[in-house]
Amino acid sequence: MSGLSDHPLTAGLTRALARAGMPAPSALERLSGGANMESWRFIAGEETCILRRAPSLEMMAGRPMDHAGEAALIRAARAAGVLAPEILVELEPEDEIGSGFIMRAIPGTPDPNAILAVADPQVLIRDIARELAATHRTDPTGIPVPVMDTAQALADLKARFISYGADRPILALAVRWLEQNLPAPVPPRLVHGDFRLGNLLVDDGRLSGVLDWELAHLGDPHEDIAFGCMTVWRFSRPDRPGYGLTSIAELVQAYEEAGGQAFDYDRFRFWTVYRTFWWALGCLQMGGYWRDGHDRSIERVVVARRTSEQELDLLLLLEDLAPEAERKRPLPPALEPLQPGTGEPSGAEILTAISEWLTNDIKPLVSGRGRFDLAVARNALGIVARELDQRPVATDAALAADLMAGRADLATPGLLARLRRMALNKLIADVPKYPALANARARWEGN
């Protein structure tokens, strides 16, 4: 934590707060999390506030909605009864601290595991359904909210995949399926775009705030419901698809009772696959941000390695397309991990030694954001050590091209088994504690 007057953000925050008639900030603290935007907590007089800003102006380039539009939309959602934050003041160029805005803090925790540990699923899922329905009823007239054309959005995603190398076969499989299952357009409604655990505040078991509106747009409400139900956002509850709390059927019932639109399971499936593919590309994009120098934090490169989570999930979503014989085919054997030698330490052993040093000698010396960054650094060292030992391969440009062109599919003999092994090997190296991994291994390696 830092409350120092010479913090780089202090002068700009002081100028911005003065426009709202508020005193200078103190106790400035960088919050953990946030794949794209920075969040900072501080005190201004008797108020606890949150600053939300872009780490660099380059990261705002090409975004369909800037921070001014996001702030206006948050105000509209709040006026419509959604538990959105109260915007206090927006940053201006003369503040010289980037793009963003300051909000009044809302009580509650966004920590998904803390929420899932104490919440009554029946109570919280009704709160979530109510806020989803209220969001989808919000009228954003007069606010420059982008309108999503699903066909064009999918074409843009495919182009991004190609620009990233188009060499991940499981992602290519998803592209092909999405193109073949594009749903008909629906009358557009306001879609939050990132409505999931991690962006919801819960206080004493009840939903208290809906955060992070940067991806809001006009489109199909099923997209919001599907995104929050993705495996990655269920955290420690991969077997409870409704926000890690309940079944899809119970979520749908609560949503419709709260005034939401009639639910369509085919649309839900499309958007589940679409947003899982979308998030896979978002993870890959983090590596690009780091390479281009927009954000050189270690968090960016580690998030990029979470692509393998989405590849596993996509295969679980799509494997029912394969003939029964292919679904029952045994997996090819995994490579045996390299065995430690008796001479000089291997590269993996050196990385383990560095990780132990960070834990034993450095961790006691840091706190706050520094401790979070240290945990990310240790995670990164573990990824590299496991990669050196296990040598997973996740890329095959020729196979990906065949899948996108329809020259191969899940009926191709042996392909599903190969993709399953590929997904398992990569995820075991990248994120071995991913909750869905154990279920997938039991399901696939037991064949």
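**Close-up 1. Thr231 is a buried loop residue.** At 18% relative accessibility, Thr231 counts as buried (buried is under 20% relative accessible area, exposed over 50%, partly exposed in between; 1.4 Å probe, protein chains only). Thr231 sits in the loop between helix 7 (222-229) and helix 8 (248-257). Helices (H or I, at least four residues) and strands (E, at least two) are DSSP runs, numbered from the N terminus. Thr231 touches Pro238, Asp313, Tyr434 and Ala436, leaving out residues up to four places away in sequence; contact means heavy atoms within 4.5 Å. The model is predicted: local features need pLDDT of at least 70, side-chain atom pairs count only at pLDDT 80 or more, and totals for chains, interfaces and linings use all residues. Residues are numbered from 1 along each chain as its sequence is written, and side-chain values use heavy atoms, with hydrogens and water left out.

**Close-up 2. The largest nonpolar core has 102 residues.** A nonpolar core is a set of buried Ala, Val, Leu, Ile, Met, Phe, Trp, Tyr and Cys residues joined through side-chain atoms within 4.5 Å. The residues with the most contacts inside the largest core are Ile128, Phe161, Trp213, Tyr243, Tyr274, Phe277 and Leu312. Helix 9 (residues 265-291) gives the most to this core, with 12 residues. A second, separate core holds 16 residues, including Leu28, Trp40, Ala44 and Val89.

**Close-up 3. Phe161 and its contacts.** Residues up to four places away in sequence are not counted here. Phe161 touches Ala166, Asp167, Arg168, Leu171, Ala172, Val175, Phe277, Leu281 and Met404.

Close-up 4. Two strands pair if DSSP finds at least two bridges between them. Strand 1 is joined to strand 2 (residues 38-44) by 4 bridges. Ser26 stands opposite Ile43 in strand 2.

**Close-up 5. Strand 7 and strand 8 form a hairpin.** Strand 7 (residues 200-203) and strand 8 run antiparallel, joined by 4 bridges. Leu200 has Val210 of strand 8 as its bridge partner. The hairpin has 2 residues between the strands, and Asp204 takes a positive phi near 55°. Strand 8 (residues 206-210) is largely enclosed by the rest of the structure, because 4 of its 5 residues are buried.

**Close-up 6. The second largest pocket has a volume of about 530 Å³.** On a 1 Å grid over the protein atoms alone, a pocket is an open set of points with protein on both sides within 12 Å along at least five of seven lines; a cavity is a set where a 1.4 Å probe fits but cannot get out; lining residues have an atom within 4 Å of a point. Grid points are joined across faces, edges and corners, and a volume is the space filled by probe spheres set on the points. Of the 24 lining residues, Leu284, Gly287, Arg291, Ala304 and Arg305 are the closest to the pocket centre. Helix 9 supplies the largest share of the lining, 6 residues.
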